[in-house]
Amino acid sequence: MQLRTVSQLLSEDVKLPEVDIKGWVRTFRANRFIALNDGSTLNNIQCVVDFEKFDEAVLKRVTTGAAIHIKGELVESQGKGQNVEIQVNSLVVLGDSDPETYPIQPKKHSFEFLRENAHLRTRTNTFSAVMRLRSALSFAIHKYFNDNGFYYMHAPIITGSDAEGAGEMFKVSSLDAKNPPLNEEGNIDYSQDFFGKETNLTVSGQLEAETYAMSLGKVYTFGPTFRAENSNTSRHLAEFWMIEPEVAFMDLNGNMDLAEDFMKSVIGYVLENNREDLEFLNTRLQNEDKTKPQAERSEMNLIDKLNFVTQNNFKRVSYTEAIDILRNCKPNKKKKFKYIINEWGADLQSEHERFLVEKHFKCPVILFDYPANIKAFYMRLNEDGKTVRAMDILFPGIGEIVGGAQREERLDILKEKMAALDIPEEELWWYLDLRKYGTAVHSGFGLGFERLVMFATGMSNIRDVIPFPRTPQNAEF
């Protein structure tokens, strides 16, 4: 007899004389009704036990959290809430659960409590829904790139370069921390380290992806990245996942086209394939919204936000035009923004980005041609000498979600920019080689995967969309 999932059984329109299923007990009521869940769906299947058929000692072991194996008959449900239920003929307890100490009791738990029990939190409806959506988004990303002729590249996790120039990197070393070798100047002698040089965990696979794009044409990376930023906000992790496509012979306009199509595709995928989980999370958010003051309530529910992305063309606006709009808008003039926009060159904050999307244009926005001094060294300098061919995608409720650019393909200008920022040429000699041997226009962008999962699930804390969050003073599990 084939083992079935709860999801499969609940979708059956016909009765089955014999079914075989395994899962975890959510509740056991009146020594008769077992709510069983196996992670395949939000919903539990009701398993009806005839008390007289089973040993009392076995039934006492059927507690919340226990793993059980049931065989029985799938019949039309006598109660409300689902079409079918299982009349139990055989019940085996595979793994006991202590009802006194099991953390995930059938009651409401705070997210903070569930983070402390991250190894069990996917046994709740909220976190099982979030992680199923995370899995679906991951699949949709790979599917999109595969369908569009991209090659998947595994960028190195250990690197000797700092792609972002931020300097907030985790060091990788095999040297004795208490007694490291020193050079003549009294500094740590990294030539004696495992790699013979100072190395770190990567903050981005972009630079390496560019090398592959300049031979394979279209590539993408999708892997873990790390940032040693001592930040405990709801939007920062020390370990997170990045999606970074790079494409040869593509300019900024092509990059914006690709990013818009990509975002619509992956969000459209979960709207079509994960409706049950989305509707559950949508209801959760609506109920949470009712507890907030009117001014803090969301204008759009979760599903409306996702449709807002898939059903609208993204408005393309230059940074200069956006600054003019923001400088002259009511919230800025009345000093309701936390960060007042006074002049060109300001680095936009989330409140400004959300105003452009939610209030002014009422659609997703792509800002482009940013000031060079607030963007990375590898972005192509425009003819005006003060802006670069960068672009950011802005979404409702979250602000910036994608950042990208046309890359600087001119060797002399790239060298000048690196020198101005004190980036040694010998550190990135291989990156400069791309501009010496067959250079060409090329572009790409980066998307923080957890930021996407937050948007798609409506979760407000980034710690709740990754299986085991890594943050300052926290590397549990």
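Student: Which residues does isoleucine 393 touch, leaving out residues up to four places away in sequence?

Tutor: A contact means heavy atoms within 4.5 Å. Isoleucine 393 touches Ala259, Glu260, Met263, Phe314, Val365, Ile366, Gly399, Glu400, Ile401 and Val402. This is a predicted model, where local features need pLDDT of at least 70, side-chain atom pairs count only at pLDDT 80 or more, and totals for chains, interfaces and linings use all residues. Residues are numbered from 1 along each chain as its sequence is written, and side-chain values use heavy atoms, with hydrogens and water left out.

Student: Which residues touch the most other members of the largest nonpolar core?

Tutor: A nonpolar core is a set of buried Ala, Val, Leu, Ile, Met, Phe, Trp, Tyr and Cys residues joined through side-chain atoms within 4.5 Å. Buried means under 20% relative accessible area, exposed over 50%, partly exposed in between (1.4 Å probe, protein chains only). The largest core here has 63 residues, and Phe262, Met263, Ile267, Met391, Ile393, Phe395 and Leu452 touch the most other members. Helix H4 (residues 125-147) supplies the largest share, 11 residues. Helices (H or I, at least four residues) are DSSP runs, numbered from the N terminus. Another core, of 37 residues, lies apart from the largest one and includes Val357 and Leu367.

Student: How many disulfides are there?

Tutor: A disulfide is a pair of cysteine sulfur atoms within 2.5 Å. By that rule the count is zero.

Conventions: Helix = DSSP H or I, 4+ residues; strand = E, 2+ residues; numbered from the N terminus.
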